[in-house]
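Dear colleague,

Please find below the structure that I am handing over to you.

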Amino acid sequence: MQQPSFLDELEAEAIFVIREAYAQFERPTILFSGGKDSIVVSHLAQKAFAPAGIPFALVHVDTGHNFPETLEFRDRYVKQIGAELIVGSVQDSIDRGTAQEEQGPLGNRNRIQSVTLLETIDRERIDCLMGGGRRDEEKARAKERFFSHRDAFGQWDPKNQRPELWNLFNGAKQPGEHFRVFPISNWTEMNVWHYIRREGIELPSLYFAAPREVIWRSGSWLPVSDFISLRAGEVPTTKTIRFRTLGDITITGGIESEAASLDAVIAEVETLRQTERGNREDDKRSESSMEERKKQGYF
Amino acid sequence: MNVLRFTTAGSVDDGKSTLIGRLLYDSKSVFIDQLDAVAASSKRRGTELDLSLLTDGLKDEREQGITIDVAYRYFATPKRNFILADTPGHVQYTRNMVTGASTADAALILIDARHGVVEQTRRHSFIAGLLGLKAVIVCVNKMDLVDFAEAAFTKVCADYEPLRQAAGLPEVHFVPLSALLGDNVVEASAHMPWYSGPTLLALLETLEPAVPEALSDFRFPVQSVIRPRTTEHHDFRGYAGRVAGGCVAVGDRVTVWPEALEATVEGIFLGDHALQEAHYGQSVVLTLDRDVNVARGSVLTAGSAPQREALLKAKLCWLDAKGHSPGLRYEFRAHGGQGQAMIAEVERVLNLETLAYEPGTGQLETNQIAEVSVRCAQAPTTETYANQRMMGGFILVDPVRGTTVAAGMIQ
């Protein structure tokens with residue numbers, strides 16, 4: 001069982017980081033996917049500035065391949081916390097010809113999100129994007145800084161990161177460059193779940209088990225939607241499924257589960273011995289896939 | 001302590017990655033798919049299950065078989081949460097070791113039982129002392145290669161004592177172990193009945209390094225001013241920050257620096273909750289009973305007056321690939337102030353081989369540790385690093401490139 005005072009310490013650290021981002025940047029924003037980690041960051045941002053309102057716009061990169069629940073949740077949430085919403089549309093980038101759809105049976109829009117994100121940063125003059133990235137998620141992220149510098153092409157240079165000492169965060173940059181800031185770097189998946197329960201944070205219904213129409217592909221249950229085409233031998237079936245992460249609907253696989261409440265989900269996560277990104281098709285392509293995408297400007 | 005932040009440094013062959021892999025594996029902190037990936041990688045490389053692959057993150061490192069940055073690992077046991085800053089050990093990565101140690105309470109130092117205390121042991125211990133770590137665990141590794149002999153272990157313990165004193169380490173523990181076989185990492189060793197002390201994990205679970213900041217005078221550097229300007233909170237003016245030392249309660253008299261103005265704490269808030277007091281480490285918002293000039297960089301204090309000097313004596317670690325030459329200017333950044341600064345004098349430079357300070361030449365190169373004096377354009381509000389890490393640490397930033405070039409500890 002998580003000791004509450006450890007959560008207090010993680011919360012204090014995250015609030016400190018969020019306030020530093022506010023103080024050091026001109027146009028700090030939160031990259032909001034509608035997933036639990038970005039919801040937690042938004043909650044912490046509210047807490048950091050109470051009784052004043054949240055001083056950050058929420059940026060959503062819309063791949064066009066959304067779970068409908070994610071969009072409903074996003075619009076309701078933004079209204080509820082009184083934040084500005086900035087949407088970057090991947091479809092617009094494709095229509096403008098700045099991004100090209102991946103071809104082939106494994107093609108998805110995960111990689112080209114980076115193009116839309118950089119275009120949005122440019123258009124809105126954003127110099128800081130806060131995100132829910134955590135160091136425990138993946139090997140490449142274990143070396144990520146709280147304040148992560150990106151060059152004018154949005155690239156992360158893992159070999160040339162700024163040293164980060166104590167909690168003195170350096171957001172100095174040249175024109176055209178920006179920062180990604182990760183306030184919950186030091187949290188684990190378990191810490192996030194325990195915090196959600198403690199704070200009574202509302203989550204999209206996709207995190208809870210319900211009967212959903214799915215197909216079995218690459219070791220997980222992929223939701224049937226207008227955006228995927230069935231391959232030979234794939235038969236849609238209804239299973240009781242929940243999702244451990246939320247992303248593009250064409251690549252976010254669910255797991256079979258009966259956990260329909262927050263307590264049940266937490267109990268299940270505590271016993272699950274598989275990392276949450278294990279069900280994301282995009283990370284399986286190669287041993288270094290996350291690192292490659294980070295270098296290109298993916299979160 | 002609910003969480004132990006610790007650091008470890010090591011190089012290719014001293015078994016550090018294997019030790020961490022073993023700690024994660026035996027404490028059941030490794031997930032099935034991570035293990036599958038490691039098993040597949042091990043197979044491709046033609047080795048048995050190589051636990052060191054669990055911790056070597058970046059692609060280049062995997063290709064070169066070395067650890068080149070600071071990587072953070074997380075694990076928890078029913079007794080405690082752990083945050084591990086895993087750093088490379090060679091002399092050219094001194095800056096990474098310094099970075100990893102800056103946020104740690106304790107350090108693991110690995111010694112190969114066959115070789116005993118070597119140059120690298122000395123350097124790692126010295127850095128732990130320099131960064132003010134309160135506890136060190138010396139892991140005497142590869143005991144399987146010295147037939148689990150007690151004499152090899154006791155020799156290392158005895159040889160380490162002068163180093164402990166020279167490095168200024170208040171608390172040192174020794175554990176004989178074999179990371180490869182798992183002896184005394186999580187499970188007690190059947191091969192070393194002569195050792196009755198705790199396993200490494202048991203020690204990590206019970207270590208209580210001193211936290212001088214928790215007992216020091218109140219220090220509160222202000223990050224930003226909160227003014228809602230809403231009808232409901234029309235006159236609200238709060239100061240957001242994290243308590244860097246001591247504690248504060250509603251009704252306490254505080255002094256606001258740099259103006260040295262007195263005020264009384266009227267309210268303490270965390271989100272929507274009003275608190276009666278705030279302690280070291282908490283991020284809160286304070287309100288005062290009167291309008292005083294408070295901005296980012298201001299510091300609220302109680303008890304003894306803080307240090308307010310423009311000329312600071314400091315130990316400095318040069319981090320940047322580009323060196324320092326006399327006359328260059330930097331941006332000084334600390335919680336108690338920010339502004340232009342220059343290195344007035346490089347007094348002595350540490351020889352990383354002999355660990356003796358030698359006269360400085362005025363220049364500084366990557367990884368060098370030196371005693372310097374720094375002249376700030378405006379005096380910041382500080383403390384000595386030994387008393388308060390948060391108020392006593394600073395960085396120097398290159399004013400053009402924006403990179404962090406040096407880290408300093410005020411003496």
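Which residues does B:Val136 touch, not counting residues up to four places away in sequence? In this predicted model, B:Val136 touches B:Ala106, B:Ala107, B:Ile109, B:Ser125, B:Ala128, B:Leu169 and B:Val172.

B:Val136 also belongs to the largest nonpolar core, which has 168 residues. The residues with the most contacts inside this core are B:Val136 itself, B:Ala106, B:Ala107, B:Cys139, B:Val140 and, from chain A, A:Ile18. Helix 1 of chain A gives the most to the core, with nine residues.

The contact between the two chains takes 44 residues from chain A and 51 residues from chain B. On the side of chain A that touches chain B, helix 1 (4–24) and helix 2 (36–49) of chain A each supply at least two residues. Helix 1 of chain A gives the most to that side, with 10 residues.

Nine of its nine residues are buried, so helix 4 of chain B is largely enclosed by the rest of the structure. Among these buried residues are B:Arg95, B:Asn96, B:Met97 and B:Gly100. Within chain B, the buried residues of helix 4 pack against strand 1 (3–10), strand 3 (81–88), strand 4 (106–112), helix 5 (119–130), strand 17 (311–318) and strand 24 (404–410).

Yours sincerely

Conventions: Residues are numbered from 1 along each chain as its sequence is written. Chains are lettered from A and ligands numbered from 1 in the order in which they are written. This is a predicted model: local features need pLDDT of at least 70, side-chain atom pairs count only at pLDDT 80 or more; totals for chains, interfaces and linings use all residues. Two residues are in contact if their C-beta atoms, placed from the backbone, lie within 7 Å. Helices (H or I, at least four residues) and strands (E, at least two) are DSSP runs, numbered from the N terminus. A nonpolar core is a set of buried Ala, Val, Leu, Ile, Met, Phe, Trp, Tyr and Cys residues joined through C-beta atoms within 7 Å. A residue is buried if 20 or more other C-beta atoms lie within 10 Å of its own, exposed if 12 or fewer, and partly exposed in between; C-beta atoms are placed from the backbone.
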